[in-house]
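Please read the points against the coordinates.

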Amino acid sequence: MNLALADIRHKLGRFVLTCLGLGLLMAVALSMVGIYQGVVTEALALSRSLRADLWVVESGTRGPFAEASRIPGDVREMVARLPGVAAAGAITLRTAEAQAPQGTIRVQVIGYEPGRPGGPSVIATGRGLGGTRFEIVADARSGLPLGATLLLGRYRYHVVGTTRGLVASGGDPLIFMQLRDSQDLQFRLAPAAARRAIAASTGGGSTDTVNAIIARLHPDADPALVAETALRWKHLAALTDQEQSDLLTLSVVNRARVQLGMFTVVLLFVSAVIIALIIYTMTMDKLREIATLKLIGAPDRTIIGLVLQQALLLGGVAYVAAVAIVFSARDVFPRTVALGPAEVAVMAVVVAVICLLGSLVSIRAALRIEPQQALGG
Amino acid sequence: MAGPLVQVEKLCKTFGAGETAVRALADVDLQVGAGEVVGLKGPSGSGKSTLLNLIACIQEPTAGKLSIGGETVWEGHWRVPDLRRLRRERIGFIFQFHNLLPFLNAIDNVALAMTLDGVDRTTARQRAGALLDYLQVGKRASAMPSRLSGGEAQRVAIARALVNRPQVILADEPTAALDSERARVVMDLLRQVAREQQAAILVVTHDEKIFDRFDRMVALRDGRIEQEQPRAA
């Protein structure tokens, strides 16, 4: 007969409540793991979506995500003519506050030339951008439905398509628009300011500036070799997609990643202490029963099994509750909670190890209980 | 059985050492034979519980010799490698407050003692059920301890003590929580078991109402046997 299960059945309500409480704590820890993973996923979402092999940016910078980068728009033609380059597209990036039907939203605006690299790889609903200006494709995270109008700067844009899961490294949803629209938005001065600039002969006319050129290479082309070729131009720098990804994860979101990672470790440590205390309390509640078991001759393995099985059951049920809570609530989180089977499995192992370690103190205490403690009133 | 099932010779127990040493038992000699029910009485601190703990092998004597079922268990040191196995196989315990496991029903509380000994659960439950019937609590086999009356719980505890057919049964105030009538019933039951199973039963008690149920009364005072009194004919 299984003493651990019998004891749990006997105090089922208390066990369920304990599991629920522990499940909530584990749900927080699991969410942190998901948010940690989400930061990395979000950081890479844009670069992966653009499927770029090479990022050509302003010389001396590591743009466009880690540092500001501005290069003339005609550089795109130069890059397109580099040996090994199959296609090249100019893009602009800008974070903006926009007026949406539901209120002010914060978005990352990407300008690109339809038909060239730089646009979303998959359209979830509606269509991609065509030749018409003042159209946008918005990510679902922005809350903009098809047909909605977005006021951005001095212009109104209509949502003709939506994407899913495309956010910037800061978690802001992406808005795709024509390069010309984005250049106007980003570089065109307001009428009064433009007049002053023209009067002072400080420019204000051309807006053909972009933040980066992304290039797709022929399958047999070596990205490093093409990058080296691009570097020969003095006013350009080039990063392979791998370098850009490393830059995004190791530099751009590094602080957030480390912060979340450390917080996750602290949470796991707190969880471990709480689990150990719960198991200890559960064991000490059975002091007389364990003493009786020893007195009637129960071997140590029976006592250890009782404590260990309850610890693992507690951890297991609480973890199942935690997974259910997180997966049912993950869409409510403002940022991506990236949890897949691998993360869930690794956390399950972590919880099992915590339960095993947490039960060691209780097992030691249980084995120290003297049989004579069963005697007397 | 050639000799007594419980044999205590010059048994001593001292707690602590040096000036703070407390001698709980001094040169105690006691024998309990098969089928014999012996009562152990004495004021608080006289050493009754200590003697019971030593015979139960849950405390180690300081000097003397202890034999269970003819086998020397302690003489200078433990002579048996697995004391819990010895308790499981040869000694049954009955407690003042029954000490049934609250998370097992009556029949599983009894069967547990057998399953600990490696007997499969079905066989253990069959024997436990038969024993509960014998002790007239068979109808309460599926009841949890919290649902049993004091008398019923004590009978289940007796069944648990008997289920492995131990040679020795040690009882610590088994009737303390029972009224006079139920106390006598329990004692009669123990006498019956002693006769039928040829077990040696040693009972610690203060309950004068049941003194006449013992074959012998042993009185302890200040850690020594003060008096041995055979049952009046």
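**Sheet and interface of chain B**

1. Strand β1 (residues 6-15) of chain B is joined to β2(B) by seven bridges, and the two run antiparallel. Strands are DSSP runs (E, at least two residues) and helices are H or I runs of at least four, numbered from the N terminus; two strands pair if DSSP finds at least two bridges between them. B:Q7 lies opposite B:Q31 of β2(B).

2. This is a predicted model, with local features needing pLDDT of at least 70 and side-chain atom pairs 80 or more, while totals for chains, interfaces and linings use all residues. Residues are numbered from 1 along each chain as written, chains are lettered from A and ligands numbered from 1 in written order, and side-chain values use heavy atoms, without hydrogens and water.

3. The open sheet has four strands in the order β2-β1-β4-β5 (chain B), paired antiparallel. β2 (22-32) and β5 (71-75) of chain B are the edges; each has a single partner strand, so one side of each lacks a neighbour in the sheet.

4. Chain B and chain A bury about 2,300 Å² between them, 67% of it on carbon and sulfur atoms. Buried area is the accessible area (1.4 Å probe) lost by two parts on being put together, summed over both. In chain B, the most area is lost by B:R84, B:F103 and B:L116, together 30% of what that side buries.

5. One salt bridge is counted between chain B and chain A. B:R84 forms a salt bridge with A:D300 (Lys or Arg side-chain nitrogen within 4 Å of an Asp or Glu carboxyl oxygen); the closest N and O atoms are 2.6 Å apart.
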